[in-house]
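Q: Hi! Could you walk me through this model?
A: Happy to, let's look at it together.

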Amino acid sequence: MYKTLSAPHIIQIEVSAMCTNCCQHCYNFWRQGGDGQTTSANLSLEQVSRIMDQIIGHRVFHLVLTGGEPLLNKKALFEILRRATENNITTSVNSTLVTLTKEDALKFKELGVSMVLTSLLGPTAEIHDQIVQRNTAFERTVKGIRVLQEAKVPVSANMVVSRKNQHLIRETGNLARSLGLKSFNSTRAGCPGNCFNFSEFSLNLQEFRLYLEKLHTFGDTEKMPVDVLSSYPLCGIKEVDRYQKFASRRCMAGVNTLTLSVTGEVRPCSHFDVSYGNLLQEDLSVIWQKMTEWRDGSLIPAVCQSCKVLPWCGGGCRMEAKMRNGSPSGLDPYASPSDADYVFGQLKGRRKESSSLPVTVRLNPKIRWRLEDFGAAIFAGTRFACYLNHKGLELIKSLSHGLDLSTADLIKRSGTGEAFMAGLIERKVFVPNNPKEKEGGD
Amino acid sequence: MAKDSQQVAGFESIFDSGTGMEQGQFVDSWDDCYDCNVNCEECDNS
């Protein structure tokens, strides 16, 4: 189904298994019990050194430093950030911010952290602290957001939505706005791997759709960008035209991303509870090859295999399927196959809006590429841009940074046509060198 | 998400060749987002 890349694009690294919070919905299945105690494992500096050697050697593009709480293992966290920056690997950090200091924030800035993501689980201390099971957590997180903003480190917030707080989406969004955050993200709570009755937290399909509507309406009425940070089955979303942004993510676990645990175990994603090898004992490429079932379609449910929407959808979350429907190849509990035809009708009806190409462009100074057997994977800044075949790659390789490039000449040289050039501009591989053109002005 | 109806020369799909998913209406697989934990609005390339 999917190509096997030489290595993942993105690796999430669990820097520490300890956490300042003990979220009721926490997806970290390895967290011990519900007694407020977490495991005490930390990545050591020696382990960091070996892990980073592999990550650099395999030309991974981006690292997400997470946990547990990564700031509870600052030595390892800052060493990873240092080596990543030195090797042109971009980074972001997921943190509760509870222990963040001004010095930490300044180090994030110095080391080029592209984004810090934290959780806001409600608009008040009462609900947030209740969910994270820690007094004063809300106050500390809000303070941490302000400290990051003062240090000019981009910060974003995510609201994990469960039955405990689904009625507070608008209010929490308003809090995010009042804190000066540029956008508001939200993700449905997923069943952790050590939990066999998540019904107290899991949204049902009707509640799930209502959650999407509330999030969309908040963004629409308040003119604030909203997003979801995980992939949902499109037949569950149903209104994919209304919620285009929410419908634009697919599960890429084991396809272009994976998660590394604090003990070196490699999993296809942070939620999934099966290891395919240990990066402290094996080469990344060997472990990556063992994840074939995540790429060959064998984990896609039978109902989805024959679904016309599958190429856009990917079949939803395999961990939710495992925990709530008994098998990683089961149906995502938010899937609604009877709505697939309705979804397909919307997708088929879409038309690409054509716009005139700028006269001249420049190569995005932030592009990076990694050779693959089919050509190359291209990143523009912290964001995946596209895959190119050998012909497309040859064009990019032949160009120099900082030069004005004639669009017409590029089309002629590449022999690929206007659509290729338009795609490269859309994906930020090329940027218009005239700010007015970039803004769509004349 | 899907926007094109034709394979665009120069680009490559993440879908394996020969599956049919890389062709025609499925060309835009290379336009997919993935779980990068970053809101697209806040991405430095948005």
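A: A term to start with: a residue is buried if 20 or more other C-beta atoms, placed from the backbone, lie within 10 Å of its own, exposed if 12 or fewer, and partly exposed in between. A:Lys223 counts as exposed, because it has 7 C-beta neighbours inside 10 Å.

Q: Where is A:Lys223 in the chain?
A: A:Lys223 sits in the loop between helix H7 (205–222) and strand E7 (226–228) of chain A. Helices (H or I, at least four residues) and strands (E, at least two) are DSSP runs, numbered from the N terminus. Its phi is positive, about 55 degrees, although A:Lys223 is not a glycine.

Q: Before I go on, what should I know about numbering and the model?
A: This is a predicted model: local features need pLDDT of at least 70, side-chain atom pairs count only at pLDDT 80 or more, and totals for chains, interfaces and linings use all residues. Residues are numbered from 1 along each chain as its sequence is written, while chains are lettered from A and ligands numbered from 1 in the order in which they are written.

Q: OK, and A:Asn88: buried or exposed?
A: A:Asn88 is exposed, with 11 other C-beta atoms within 10 Å. You'll find A:Asn88 in the loop between H2 and strand E3 (90–94) of chain A. Phi of A:Asn88 is positive too, near 60 degrees, and the residue is not a glycine.

Q: Which residues does the cis peptide bond join?
A: That bond joins A:Gly67 and A:Gly68, with omega about 10 degrees. A:Gly68 belongs to the loop between strand E2 (62–66) and helix H2 (74–86) of chain A.

Q: Switching to sheets: what is the strand order in the open sheet of 3 strands?
A: The order is E14-E10-E15 in chain A, with antiparallel pairing. E14 and E15 of chain A stand at the edges with a single partner strand each, so one side of each has no neighbour in the sheet. Strands pair if DSSP finds at least two bridges between them.

Q: How many bridges does E10 make with E14?
A: E10 (residues 360–363) and E14 (residues 405–406) of chain A pair over 2 bridges, and E10(A) pairs with E15 (residues 430–432) of chain A over 3 bridges. A:Val361 has A:Leu405 as its bridge partner in E14(A) and A:Pro432 in E15(A).

Q: And how many helices and strands are there in chain A?
A: Chain A has 17 helices and 15 strands. Of its 442 residues, 52% count as buried.
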